[in-house]
Amino acid sequence: MEGKKETISNYVCEILKNYSVERRNLLPVLREVQEKLGYLPVRAMEKVAEALGIPTVDVYGAATFFNLFRLSPPGKHQIKVCMGTACFMAGGQIALDSFERRLDVRTGETTPDGEFSLEEVACVGCCSLAPVVVVDDFVEGNVTPTRVDGILLSWDIGKKKQREQD
Ligand code: FES
């Protein structure tokens, strides 16, 4: 555990070398930390706060305010629900709510088994298929609540088949 904390601190220190000690660097630093670690661990946010001379609560505040930041590690499979204008108008929120209900997680969270993480993203460039969901690298279009069930069922079936082959 201690080793993991140290590794996180080392990554963050490396990233911070490229930035001056100014509050305005908070978001770019957090973005880079997330790119490196896949999410923002508490230790990383504490380190950033310390290095930029910002209260830790302000760093948490920024990390939770902007939905581009993840506070938990990404799942094995990442479900990205597009909330760009076309998708939003076509029912993106309904698709997102359906995933939240089916997986029993909120947006930005990962299922307890680490299988799926759910997030909302800006336009992914397939507006004619709205509402769009990207599961790993696979684009799903016209995602209704029934389709949400189908997507998750197909992953369950795929997993079962994989287990049978192992
Ligand atoms: S708005 Fe969703 S793909 Fe463009």
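The report below goes from the overall layout to individual contacts.

## Basis of the model

This is a predicted model, in which local features need pLDDT of at least 70 and side-chain atom pairs count only at pLDDT 80 or more, while totals for chains, interfaces and linings use all residues. Residues are numbered from 1 along each chain as its sequence is written, and side-chain values use heavy atoms, with hydrogens and water left out.

## Domains

The domain assignment of the protein gives domain 1 as residues 2–65 and domain 2 as residues 77–165; such bounds come from an automatic or database domain assignment. The centres of domain 1 and domain 2, taken over C-alpha atoms, are separated by 29 Å.

## Strand pairing

Helices (H or I, at least four residues) and strands (E, at least two) are DSSP runs, numbered from the N terminus, and two strands pair if DSSP finds at least two bridges between them. Strand β1 (residues 77–82) runs parallel to strand β2 (residues 116–121), and six bridges join β1 to β2. Within this pairing, Cys82 has Val121 in β2 as its bridge partner.

β1 also pairs with strand β3 (residues 133–135), here in the antiparallel sense and over three bridges. The bridge partner of Ile79 in β3 is Val135.

## Helix α3

Burial is judged by relative accessible area, with buried meaning under 20%, exposed over 50% and partly exposed in between (1.4 Å probe, protein chains only). In helix α3 (residues 42–52), the buried residues include Ala44, Met45, Val48, Ala49 and Leu52, together with Lys47. Just after α3, Gly53 takes a positive phi of about 70 degrees.

An α-helix has 3.6 residues a turn, so residues three or four places apart point the same way. Glu46 is partly exposed because its relative accessible area is 31%, and Arg43 counts as partly exposed at 24%.

Lys47 is buried, with a relative accessible area of 16%, whereas Glu50 is exposed, with a relative accessible area of 55%.

## A salt bridge between helices

The structure holds nine salt bridges, and one of them brings together the side chains of Asp149 and Arg102 (2.6 Å, N to O). Asp149 lies in helix α7 (residues 145–165) and Arg102 in helix α6 (residues 92–103), so the pair ties together parts that are 47 residues apart in sequence. Asp149 is partly exposed, with a relative accessible area of 34%, and Arg102 is partly exposed as well, with a value of 41%.

## Aromatic pair

Rings of Phe, Tyr and Trp (its six-membered ring) pair if their centres lie within 6.5 Å, with planes under 30 degrees apart counted as stacked, over 60 as edge-to-face and the rest as tilted. By this rule the count comes to one aromatic pair. Phe65 and Phe66 form this pair, which is edge-to-face, at 5.0 Å centre to centre and with 90 degrees between the planes. Phe65 counts as exposed at 64% relative accessibility, whereas Phe66 is partly exposed, with a relative accessible area of 30%.

Methods. A salt bridge is a side-chain nitrogen of Lys or Arg within 4 Å of a carboxyl oxygen of Asp or Glu.
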